[in-house]
Amino acid sequence: MRVKQIVTANVQEMSQRGAAIVAAQLTLKSHSVLGLATGSTPLGMYAELVSRNKAGEISFADARTINLDEYCDISADNKNSYRYYMNSNFFDKIDIRKENTYLPDGMASDKQAECARYSELVDALGGIDLQVLGIGMNGHIGFNEPAAHFVMDTNCVTLTESTRNVNAQYFDGGLDEMPRYAITMGLRQIMQAKRILLLAGANKKGILEEALNGPVTPQVPASILQLHKRLTVIISES
Ligand code: PGA
C-alpha cells in the first residue's frame, strides 16, 4: 500500500490542501471526471474551490462530476437530498455545466435499473480520474456500509442505525424523517478511480487508523482502500 498521509492542524488547512489537489487535477486534465462526496467533511474544500474558481485560477467548464450516493425517495429539490447539497454548496457557484454533473436518481421507481445505469455511466465517462471520499464513523465509504462481504457495484443499501443516527441531525424531523435506504456507487467504481483523496476530520482518527492499518474486511468497508495504489489521506488534528 502506498498511502500519502497529510496531517493538518485544522479543518481549514485540510480543506485548502484538498482543494489544491483537486485544482492540480484540473490543471493536469481540464476534462477530468471528478468523483465527489457529500457530508460535512468536504464543505470547506468546496468553499475553497469556489474561491479559486471565482478568482479565475481554475475552471470546471470542461469537467464532469459524478457523486458517490443519494438518498432514496427524496426529490432533488428537498434540501436534504445530495443533489440539493451539491447544487447549493458547489455547482451553483462554479462554472461547471449542470448537465455534466451526475448523482444517482433516488426517485427512480426501479432502483435496480437505476443502480445498473449508474455503474454503466461511470464506465461511459471513462472512469473516475480523482475520487474524493469521506469516511463514516462505522468505516463506510459512500454508503457502502459494514457487511458480510464487499459489494462491488452500485447498489441500493439499507442504511445502518449508526449512519442514520449520525445523519439524522441534518433532518428537521430528526430520525423519523431520515431515509432508510440510499443508492451508492459500489467499491469497484471507487477502487477503479485513478486517484483517491480521502478527507477526515479529527473525529475520524480511530476509524481511519482501523481502516488503513487493521485487517482488510467488509466489516470496515474503507479497509479495501489498502489495495489502492494512489491514495492520499488528509486528516485534520482538530
Ligand atoms: P461526514 O460524513 O463528512 O458528514 O462526517 C462522512 C461519511 O459519512 O462518509
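Q: Which residues of strand 10 point one way, and which the other way?
A: Strands here are DSSP runs of E of at least two residues, and helices are runs of H or I of at least four, both numbered from the N terminus. This is a predicted model, in which local features need pLDDT of at least 70, side-chain atom pairs count only at pLDDT 80 or more, and totals for chains, interfaces and linings use all residues. Residues are numbered from 1 along each chain as its sequence is written, and side-chain values use heavy atoms, leaving out hydrogens and water. Thr232, Ile234 and Ser236 point one way from strand 10, and the other way point Leu231, Val233 and Ile235.

Q: How many residues of strand 10 are buried?
A: Buried means under 20% relative accessible area, exposed means over 50%, and partly exposed lies in between, with a 1.4 Å probe and protein chains only. Strand 10 covers residues 231-236 and is mostly covered. The number of its residues that are buried is six of six.

Q: Which residue of strand 10 does Lys4 stand opposite?
A: Two strands count as paired if DSSP finds at least two bridges between them. Strand 1 (residues 3-8) pairs with strand 10 in the parallel sense over six bridges. Strand 9 (residues 195-200) also pairs with strand 10 in the parallel sense, over five bridges, and there Leu197 stands opposite Thr232. In strand 10, the residue opposite Lys4 is Thr232.

Q: Why is one side of strand 4 and of strand 7 left without a neighbour in the sheet?
A: Three strands form an open sheet in the order 4-8-7, with antiparallel pairing. Strand 4 (69-71) and strand 7 (155-158) stand at the edges, so one side of each has no neighbour in the sheet, because each has a single partner strand.

Q: Is Asn67 buried or exposed?
A: Asn67 is found in strand 3 (residues 64-67). A polar atom of its side chain lies 3.3 Å from the backbone oxygen of Leu36. Because its relative accessibility is 0%, Asn67 counts as buried.

Q: What separates the C-alpha atoms of Gln25 and Asn144?
A: Gln25 lies in helix 1 (residues 11-28), and its 6% relative accessibility is why Gln25 counts as buried. Along the chain, Gln25 and Asn144 are 119 residues apart. The separation of their C-alpha atoms is 26 Å.

Note on methods: Polar contact = N/O pair within 3.5 Å; in protein donor to acceptor, adjacent residues only side chain to side chain.
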